[in-house]
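I opened this notebook to record which side-chain contacts can be looked up in the model. The entries follow the order in which I consulted them.

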Amino acid sequence: SSVRSGAERRLFGVIRQAPHSNQWICLHSLALARHETKRRGEIDFLLLTPIGLFVLEVKGGRVRRESGVWTYIDRYGVAHQRAESPFDQASSAMFALERDLKKQFPDSPIANAFLGYGVVLPDVKFDAVGADIDSGLVYDSRDRQRPFTSYVQRLARSTRDRQPASRH
């Protein structure tokens, strides 16, 4: 939708202006041919940085979760509901990407790249809590005052903290 692409367009500008982003590669709207649960998955943004590869799921507009249902309200006030969380969307896309990298480049360092995912909610202060929500993975309206680089560093820390010791 145009709302989503608007949020993604704004985010691309924020990423481009971040300190050291000249060391990053940012891929937008990357299709995944093989996805576990969907015939075709999509990554909103794939950010390749010296500290890792990060799948970013972007949700513009107002976002809330009530009784396990995620509601996205666009700029026209229209509510869109989904049972799948943006965290699940991002993590399943990340695992699909990881499988693809290992299959396509088995002997390359990229097959074992440090992978993480994040959820970008630039238009809201997101403070929902739940077992499936890791606030360390969230970029929300409060993060807009800081460079995007600080979010990427937090994402790397949160991802490292969530991994079993054997994967560090």
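This is a predicted model: local features need pLDDT of at least 70, side-chain atom pairs count only at pLDDT 80 or more; totals for chains, interfaces and linings use all residues.

Residues are numbered from 1 along each chain as its sequence is written, and side-chain values use heavy atoms, with hydrogens and water left out.

Entry on aromatic pairs. I took rings of Phe, Tyr and Trp (its six-membered ring) as paired if their centres lie within 6.5 Å; planes under 30 degrees apart count as stacked, over 60 as edge-to-face and the rest as tilted. By this rule I found 6 aromatic pairs. Trp 70 and Phe 87 form a tilted pair, at 6.3 Å centre to centre and 55 degrees between the planes. This pair links distant parts of the chain, since Trp 70 is in strand S5 and Phe 87 in helix H2, 17 residues apart. Helices (H or I, at least four residues) and strands (E, at least two) are DSSP runs, numbered from the N terminus. Trp 70 is buried at 1% relative accessibility, and Phe 87 is buried at 2%. The rings of Tyr 139 and Phe 148 have centres 5.1 Å apart and planes at 55 degrees, so I list this pair as tilted. Tyr 139 has a relative accessible area of 2% and is buried; Phe 148 is buried at 1%. I also recorded one aromatic cluster, formed by Trp 70, Phe 87 and Phe 126.

Entry on the core. I used the term nonpolar core for a set of buried Ala, Val, Leu, Ile, Met, Phe, Trp, Tyr and Cys residues joined through side-chain atoms within 4.5 Å. The largest such core has 41 residues, and those touching the most other members are Leu 47, Phe 54, Val 55, Leu 56, Phe 87, Phe 126 and Phe 148. Elements that each supply at least two residues of this core include H1, strand S2 (41-49), strand S3 (52-58) and H3. H2 gives the largest share, 6 residues. I then listed contacts (heavy atoms within 4.5 Å) for Leu 56: leaving out residues up to four places away in sequence, its partners include Leu 47, Val 120, Phe 148 and Leu 155.

Entry on charges. I counted a salt bridge where a side-chain nitrogen of Lys or Arg is within 4 Å of a carboxyl oxygen of Asp or Glu. The structure holds 8 salt bridges. Asp 123 and Arg 10 meet in one of them at 3.1 Å, N to O. This bridge spans 113 residues, from Asp 123 in the loop between strand S7 (115-121) and strand S8 (138-140) to Arg 10 in helix H1 (residues 2-17). Asp 123 is partly exposed at 33%, as is Arg 10 at 45%. Glu 57 and Lys 59 form a salt bridge at 3.2 Å, N to O. Glu 57 is buried at 5%, and Lys 59 is buried at 9%.

Which ring does the charged end of Lys 59 sit over? I found the ring of Tyr 72, 4.9 Å from its centre. The criterion is NZ of Lys or CZ of Arg within 6 Å of the ring centre and within 35 degrees of the ring normal. Arg 160 lies over the face of Phe 114, at 4.4 Å from the ring centre.

Methods
Buried means under 20% relative accessible area, exposed over 50%, partly exposed in between (1.4 Å probe, protein chains only).
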